[in-house]
Amino acid sequence: MKQSNLFTKTRKEAPKDEESTNAKLLIRAGYINKEMAGVYSYLPLGLRVLEKISDIIREEMDAIGGSEIHMTTLQEKEIWEKTNRWDDEVVDNWFKTNLKSGGELGLAFTHEEPLTHIMKNYIQSYRDLPVFPYQIQVKFRNELRAKSGIMRGREFLMKDMYSFTKSAEETDAFHLEAQKAYMNIFDRVGIGERTFLTVSNGASFSKYSHEFQTISDAGEDVIHLSRERNIAVNADDYGPEILKDFDLEGIEFEEVKSVEVGDIYKLGTKYSDALGLSYTDEDGTTHPVDMGSYGIGIGRLMGTVVEVLSDEKGIVWPESIAPFQVHLLSLGEDEAAEKVYATLTQKGIEVLFDDRDISAGAKFADSELIGIPYRVVVSANTEKEEKIEVKKRTEEDERLISVEELISQL
């Protein structure tokens with residue numbers, strides 16, 4: 001893509017009411033536009049990152065047997081009343097609206113109830129189980145105070161998977177597979193070394209559940225972390241019982257701030273009992289379907305990557321989710337740069353080509369802010385050497401190499 005065709009522009013300052021580092025940098029670099037508190041539009045660069053994260057998640061969910069679906073956001077009151085989650089006294093972050101023809105609808109904040117209702121059409125026998133549907137879809141939550149940029153929005157993109165199995169033992173086995181898949185995701189987006197499986201209270205579903213927490217000063221949570229055992233405990237749940245249950249007694253823990261980037265819950269038969277989802281076994285006996293829930297906020301994950309990997313110059317994207325692989329800068333040598341652009345593009349390398357008529361200093365500053373992994377400069381000096389100047393965003397030094405060498409590296 002030529003940067004002259006990109007309608008977005010970088011900004012020296014973020015909106016004064018924006019508190020979070022992720023939103024400040026993403027707004028300044030032209031990835032997102034703030035519409036109101038907790039509501040952001042994803043612009044061309046931001047959408048490319050969001051889609052790359054989504055594709056990584058799809059690959060990992062498909063690898064453990066997931067089947068992608070897309071469900072409606074509009075929710076019928078009657079289904080949610082069966083589990084007592086329509087009541088605002090029980091769930092306090094609903095967005096609700098009225099139909100002109102009469103009746104009340106909700107905008108989904110999660111999808112356990114409606115998907116359980118759908119599965120009644122497709123699960124009758126033990127032969128129909130297990131199944132693992134998932135979706136990547138917009139959710140709405142009426143947050144009291146949205147102050148963490150795209151890490152906590154009122155409208156946000158989420159991957160939610162649900163397991164439907166014959167027993168708690170089957171759910172346990174899939175739970176372990178999901179844990180591995182989640183860690184693969186966090187490794188692939190560049191924050192695996194900072195992300196830890198965290199034990200927390202399971203609320204009404206099970207005694208304990210698992211979160212995935214990334215160490216960050218921007219975090220809203222506090223965890224007790226054992227690097228030795230590669231596990232953490234949510235600070236609210238840190239006590240003798242959980243240490244005993246998970247064989248953590250005597251282990252040294254440090255207290256750190258963190259961001260929750262994913263969670264997995266064993267739901268048991270709470271929803272299948274309430275909504276009448278059951279199956280018959282080989283003997284014709286009827287049983288409720290056992291369930292689990294597995295969520296990752298995709299914008300939240302994107303914002304976390306920005307928070308933990310950015311530096312004083314701007315965003316630093318991992319190669320796996322960067323909007324482009326190469327940021328090509330022409331410093332007065334447009335014809336030569338056009339040739340490099342064509343060569344790289346023909347080889348399938350994603351290039352953002354800064355062909356704008358602005359100063360070299362402005363181009364360098366924008367490149368650091370935007371954070372694409374490789375900066376390639378074409379100038380009179382590089383032309384003289386019949387080379388290009390290449391610098392990785394994570395490194396200080398430039399190198400003069402041939403275009404062929406760069407293609408080989410990428």
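In the predicted model, five strands form an open sheet in the order β18-β17-β19-β20-β21, and the pairing within this sheet is mixed. Its edges are formed by β18 (351–354) and β21 (399–401), each of which pairs on one side only, and from one strand to the next the twist averages 25°. Strands of a sheet pair through backbone hydrogen bonds, in either a parallel or an antiparallel sense. For strand β17 (residues 326–330) and β18 the sense is parallel, and the pairing extends over four bridges; within it, Leu 328 has Phe 353 of β18 as its bridge partner.

Aromatic contacts were examined next. The structure contains eleven aromatic pairs, one of which is formed by Tyr 182 and Phe 212, whose ring centres lie 5.2 Å apart. The planes of these two rings meet at 40°, and the pair is therefore classed as tilted, given that stacked pairs have planes under 30 degrees apart and edge-to-face pairs over 60. Tyr 182 belongs to helix α5 (residues 168–188) and Phe 212 to strand β10 (residues 208–215), so that the pair, with its members 30 residues apart, links distant parts of the chain. Both Tyr 182 and Phe 212 are buried. Elsewhere, Trp 80, Trp 86, Trp 94 and Phe 109 are joined by ring pairs into a cluster.

Aromatic rings also take part in contacts with charged side chains. The charged end of Arg 48 is placed over the ring of Phe 324, at 4.0 Å from the ring centre, while that of Lys 270 sits over the ring of Tyr 271, at 5.7 Å from its centre.

In helix α11 (residues 380–385), by contrast, lies Asn 381, which counts as exposed because its relative accessibility is 57%, where the cut-off for exposure is over 50%. Between the C-alpha atoms of Asn 381 and Gln 75 the distance in space is 62 Å, and the two residues are separated by 306 residues in sequence.

Notes
Residues are numbered from 1 along each chain as its sequence is written. This is a predicted model: local features need pLDDT of at least 70, side-chain atom pairs count only at pLDDT 80 or more; totals for chains, interfaces and linings use all residues. Side-chain values use heavy atoms; hydrogens and water are left out. Helices (H or I, at least four residues) and strands (E, at least two) are DSSP runs, numbered from the N terminus. Buried means under 20% relative accessible area, exposed over 50%, partly exposed in between (1.4 Å probe, protein chains only). Rings of Phe, Tyr and Trp (its six-membered ring) pair if their centres lie within 6.5 Å; planes under 30 degrees apart count as stacked, over 60 as edge-to-face and the rest as tilted. A charge sits over a ring if NZ of Lys or CZ of Arg is within 6 Å of the ring centre and within 35 degrees of the ring normal. Two strands pair if DSSP finds at least two bridges between them. Axes are lines fitted to C-alpha atoms, for helices over the stretch in contact, and angles run from 0 to 180 degrees between N-to-C directions.
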